[in-house]
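Have your viewer ready and follow along.

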Amino acid sequence: VTGVQTCALPILEVKLNKASPELLKTPPASMSDVVFGTKFSDHMFCMEWEDGKGWHNAEIKPYGPLLMEPSAMVLHYAQMAFEGLKAYRTDSGENVLFRPRENFKRMNRTAQRMCLPELDVEEVLDALKQLLRLDSAWVPHESGTTLYIRPTIVATEEAIGLKVSSKYLFFIILSPVGPYYSQGFNPVKIMVSDKYVRAVPGGVGYAKTGGNYAASILAEKEAKELGYTQVLWLDAVERRYIEEVGAMNIFFVINDEIVTPQLTGSILPGITRMSVLELGKHWGLKVSARRISIDEVLTGLKDGSLTEVFGAGTAAVISPVGALSYKEEEYQVGNGETGPVASRFYEQLTGIQYGKEAERSEERRVGKECRSRWSPYH
Ligand code: PLP
Ligand code: COI
């Protein structure tokens, strides 16, 4: 069974151009030495869009360079959107996705903000599954590893005047990955930035678009030089309210309340964040999405009422934070170790994502789109 032609009702007609056997690469035998996002599978999905024509030329083809002129608009003004989701290998050898429709829906919200053409969620999900069936050998087996999926839309019209592009390319590439942070599921140290801001009200903070990440690189570089893994951003107006971390949303456990910043338009509405909120509610814990100031965090750290900090994201999964630095002072969180709340979310969430039998009932409660099968064998 190759799985490639098994989709009973392909929604989108996808041309299949397989890499010739001598060009196929070997997936890494072990993921332990593979740096996140540096290896790519054999194939990619591409589709073009043009004014008056819509999406066309859907094709799965060998992974390789894109043909684009230096004047392609995305290279100048960053009119683009991207997503990040993962495929997981379950113990029974099945390959599954986690809430993939949420990613494509968010991609459409980014597309609206960045004036990009929207996608048909079901069509692109179907195309993704076809690509995954073809490259299913690239889903790594080791515990804690996954196949990271990167859908991207870029403006390709050849023009350097600033306007809405009339041509776009959508592509999906696949990258086998281990943990995002070298620490794995161990506490990271985070630096609160009071020097730079990531996103402003009315800007593009809620969109998953390259410019947000380009704007964060200098702060992240400076934080790394000081020994911190990532930056925790404050709001751009008062530099007082917590927003999010470079590649994850942030949660605090204060007096048994699990708090994450409310969505203000300047932070990314994380799918992992949403899942943590849903799981916490389902467990009967007190979970809130509300404004939280850096003063409240520092007070809680000093008087011991703030017991845990953890990040949540697709790449980062659940990432405990062992220390925070603010205005050149470092504050340890609890005893600096992974706390019980972060551990519980990590266990449950990865249990759902990797399809462990015991989690099946929880899985349904976290949303019926939680897992989407694409195994060629089911
Ligand atoms: N915030 C930022 C800036 C991110 O890049 C990510 C990762 O995509 C997240 C939060 C978490 O979002 P999600 O859980 O959908 O991956
Ligand atoms: C994610 O997909 O989880 C990201 O944060 C994107 C990237 C920075 C790895």
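The sections below look at a strand residue, a helix, a loop residue and a pocket. The model is predicted, so every value here is computed from it.

## A glutamate in strand β11

Start with E244, which sits in strand β11, residues 242–245. Is this residue buried or exposed? With a relative accessible area of 4%, E244 is buried, because anything under 20% falls in that class.

Which partner does its side chain find? The side chain of E244 makes a polar contact with the side chain of R198, at 2.9 Å. R198 is also one of the residues in contact with E244 once neighbours within four places in sequence are set aside.

Next, turn to helix α7, which covers residues 294–303. Five names to pick out here are I294, V297, L298, G300 and L301, each of them buried. They lie on the same side of α7, because they cover an arc of only 160° around the axis.

What does the face turned away from the buried side carry? There you will find the exposed residues K302 and D303. After α7 comes G304, and its phi is positive, near 85°.

## A leucine in a loop

Now look for L226, in the loop between α5 (217–225) and β10 (230–234). L226 counts as exposed because its relative accessibility is 57%, and the cut-off for that class is over 50%.

How far is L226 from E48? From C-alpha to C-alpha, the two are 43 Å apart in space, and 178 residues separate them in sequence. E48 comes up again in the next section.

## The second largest pocket

The last stop is the second largest pocket, which holds about 370 Å³ of space. Its lining is made up of 21 residues, and E48, L67, M68, T156 and L169 are the ones that lie nearest its centre.

Which strand gives the most to this lining? That is β2, with six residues. Strands β2 (43–50), β3 (54–62) and β8 (167–177) each supply at least two lining residues. Sorted by class, the lining of this pocket has eleven nonpolar, seven charged and three polar residues.

Methods
Residues are numbered from 1 along each chain as its sequence is written. Chains are lettered from A and ligands numbered from 1 in the order in which they are written. This is a predicted model: local features need pLDDT of at least 70, side-chain atom pairs count only at pLDDT 80 or more; totals for chains, interfaces and linings use all residues. Side-chain values use heavy atoms; hydrogens and water are left out. Helices (H or I, at least four residues) and strands (E, at least two) are DSSP runs, numbered from the N terminus. Buried means under 20% relative accessible area, exposed over 50%, partly exposed in between (1.4 Å probe, protein chains only). A polar contact is a pair of N or O atoms within 3.5 Å; within protein, one must be able to donate a hydrogen and the other to accept it, and residues adjacent in sequence count only if both atoms are side-chain atoms. Contact means heavy atoms within 4.5 Å. The arc is that of the directions from the helix axis to the C-beta atoms. On a 1 Å grid over the protein atoms alone, a cavity is a set of points where a 1.4 Å probe fits but cannot get out, and a pocket is an open set with protein on both sides within 12 Å along at least five of seven lines; lining residues have an atom within 4 Å of a point. Grid points are joined across faces, edges and corners, and a volume is the space filled by probe spheres set on the points. Ala, Val, Leu, Ile, Met, Phe, Trp, Tyr, Cys and Pro count as nonpolar, Asp, Glu, Lys and Arg as charged, and the others, Gly among them, as polar.
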